[in-house]
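Let's take a few and check each against its cut-off.

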Amino acid sequence: MRVTQSMLSGNMLRNLNNSYGKMSKLQDQLASGSKINRPSDDPVIAVKGMGYRRDLAKVEQYTRNMITASSWLDSTDESLNQVGEQMKRVRELVVQAANDTNTPEDREKMKMEIDQIRHQVQDVGNTNIDGSYIFSGTKTNEPLFTGGTINPNVNAEGVNIEIYDGIQIPVNTPGKDLFKNIDDMMGKISDLLGDPTKTGKEIGDMLGGVSSSSTNDDITTLHNKVLEAQADIGARQNRVEMMENRLGIREVNVTKQLRDNESVDYAKAITEMVTHESIHQAALSVGSKIIQQTLVDFIR
């Protein structure tokens, strides 16, 4: 096979272009810190990177959901705590009113305070977070109380928020039944205090928790239900905290995998760059001997 000058020149230029391409790729890696700058550089790395970024996006969304869940649970816990404190005060007033030595004026003052506490509990039942009523079940756009009575449109269904892959947690405490029973109980106490024919014993029976005749509308029973609801909220708050820790660990792991998948090894890349530069310089030196001299060389 006859090797011509043009073949030598063509091969030399092709090799030099390949060398430039390799150095350009290494330079891009060193400048960007990434093994690839476009999917075509390494489709496998690109596909894996898309998966890791998708996982990180899910972690970010779950983290936002966690913030919402914590906000609902904290507000619910605080609201129920206020209700519990108000019921303690109601108990104190009923204990005082159960004494037949009270004058009609004394009972009237107690009735006025009970009525104010009742309004306060209704306000707590209408607690709103970012436009959502937390005790209205899934009807979060409607208040629990309207016009001093339970809104018939609300329900006792739970609001669930996804906090991890396939894991949902109820973040609300439906207050339709609980607040209705409390409101009805306070209404009965107010009526008893406003009726001068009622004895101290009849008023005292509203305390409950004393005899086997206690019903679901006495103070002790309803206060216990409030405490049970708070205990349930506390358990869910603990679970949210555990899931937050789990999400944090997952974010760290996925971030490390993404870095290992895409981040360039600077020591290796610099070594390769120096090697290719040496090879390129050698190629240029050899190429200068391959190219034929021209008239311009003699003029010089």
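The questions below go through some salt bridges and a pocket in this predicted model.

Q: Why is the contact between R89 and E92 called a salt bridge?
A: The closest N and O atoms of the two residues are 3.0 Å apart. The cut-off is a Lys or Arg side-chain nitrogen within 4 Å of an Asp or Glu carboxyl oxygen, so the pair qualifies. Side chains of opposite charge can pair when their charged atoms come close.

Q: What places R89 and E92 about one helical turn from each other?
A: Both belong to helix α2, which covers residues 43-97, and they are three residues apart there, so about one turn separates them.

Q: Which salt bridge of R89 links distant parts of the chain?
A: That is the one with E113, where N and O are 2.6 Å apart. R89 sits in helix α2 and E113 in helix α3 (residues 104-125), 24 residues apart. E113 has a relative accessibility of 30%, so E113 counts as partly exposed.

Q: What makes D183 and R118 a salt bridge, and where do the two residues lie?
A: Their N to O distance is 2.9 Å, and the limit is 4 Å, so the label holds. D183 is in helix α4 (residues 176-194) and R118 in helix α3, 65 residues apart.

Q: Why does D183 count as buried?
A: Its relative accessibility is 8%, and buried means under 20%, so the word applies to D183. R118 is at 24%, and therefore counts as partly exposed.

Q: What makes D55, K58, D165 and R250 one network?
A: Salt bridges that share partners join these four residues. The structure holds 13 salt bridges in total.

Q: How do you know which class of residue the lining of the largest pocket has?
A: Counting by class gives seven charged, four nonpolar and one polar residue. Among the lining residues are K25, K35, D41 and E272, and Lys, Asp and Glu are classed as charged. The space in this pocket is about 200 Å³.

Q: Which element gives the most to that lining?
A: Helix α7 does, with three residues.

Note on methods. Residues numbered from 1 in each chain as written. Predicted model: local features only at pLDDT ≥ 70, side-chain atom pairs only at ≥ 80, totals over all residues. Heavy atoms only, no water. 1 Å grid on protein atoms, 1.4 Å probe; cavity = no way out; pocket = protein on both sides within 12 Å on 5 of 7 lines; lining within 4 Å. Points joined across faces, edges and corners; volume = space filled by probe spheres on them. Helix = DSSP H or I, 4+ residues; strand = E, 2+ residues; numbered from the N terminus. Buried < 20%, exposed > 50% of the residue type's maximum accessible area, 1.4 Å probe, protein only.
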